[in-house]
Amino acid sequence: MSGGADDVKPVTCTVKPPVYLRVGDDVADPARSGVCAVDVSPPFGRPVNIETLSFKNYYTAYVTLRLLRRSPGKEAPAKWCTAIRDLPLMDSPHTEGGSQDYYSIHRTQMQVEPDHVVSVRLVLKQPSSAWITFSLEDIRIFPQAEPGPDKEACDWLSDLTLVDPHPELEGLPDPRAVSSSIQQMWALTEVMQTNQTASSIGRFDVDGCYDVELLSLT
């Protein structure tokens, strides 16, 4: 199991002390029941869409993940649901394999969508009497990353209806014929400019003669 995304910071949460299930009137050692619950609460009034939940194990054999979800835009109260049931964390409850490893639970591993979550409850189980205590440490909730503006623009463009790049243009001449005519006109202009005489009319040259009065003014 891998950890949370490197570019997403964990949500600031409140982790409450574990509550052990008591068996009978045994108050001296409540951990003997082998079951406890740890509640993790995001900031009040700010539901979170969970991407990953990570933690470090401390001799917990199995963990069940329950989520308190609130339906957005509805007055109905939030409801508890089970996202993962009895996920094994140790190779065996009686051996140390996996007893102090780091674990991450991704949203794709959950049985329900972990969205609009207002509280997380981790139910820990340790049926072996070989360990005096068991718990989870360094519990972190990583929120689902919001799509960037580039992705939103791509999604918006993908929803557009493609327009025919060659629409029917009724009543207009064939573009290829127009282009051919323009090229012919351009070629004719080039020929006329090439054959144009290089001699220029003199300043005072009128019909091959010079005006005497104009010459006297020079």
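A polar contact here is a pair of N or O atoms within 3.5 Å; within protein, one must be able to donate a hydrogen and the other to accept it, and residues adjacent in sequence count only if both atoms are side-chain atoms. This is a predicted model, so local features need pLDDT of at least 70 and side-chain atom pairs count only at pLDDT 80 or more, while totals for chains, interfaces and linings use all residues. Residues are numbered from 1 along each chain as its sequence is written, and side-chain values use heavy atoms, with hydrogens and water left out.

**View 1. T82 and its partner R66.** The side chains of T82 and R66 are joined by a polar contact of 2.7 Å. T82 sits in strand β6, residues 79-88 (strands are DSSP runs of E, at least two residues, and helices runs of H or I, at least four, numbered from the N terminus). Its relative accessibility is 16%, so T82 counts as buried (buried is under 20% relative accessible area, exposed over 50%, partly exposed in between, with a 1.4 Å probe and protein chains only). Leaving out residues up to four places away in sequence, T82 touches T64, L65, R66, Q111 and V112 (contact means heavy atoms within 4.5 Å).

**View 2. Inside the largest nonpolar core.** A nonpolar core is a set of buried Ala, Val, Leu, Ile, Met, Phe, Trp, Tyr and Cys residues joined through side-chain atoms within 4.5 Å. The largest one has 30 residues, and F55, L65, L67, V120 and L122 touch the most other members. Strands β3 (35-41), β4 (50-58), β5 (62-69), β6, β7 (102-106), β8 (117-125) and β9 (135-143) each supply at least two residues of this core.

View 3. Rings of Phe, Tyr and Trp (its six-membered ring) pair if their centres lie within 6.5 Å; planes under 30 degrees apart count as stacked, over 60 as edge-to-face and the rest as tilted. That rule gives 4 aromatic pairs. One of them is Y20 with F134, edge-to-face because the planes are at 85°, with ring centres 5.9 Å apart. Y20 belongs to strand β2 (residues 19-20) and F134 to the loop between β8 and β9, so this pair ties together parts 114 residues apart in sequence. F134 is buried at 2%.

**View 4. Y59 against W131.** The ring centres of Y59 and W131 are 4.7 Å apart and the planes at 35°, so the pair is tilted. Both residues are buried, and Y58, Y59 and W131 form one aromatic cluster.
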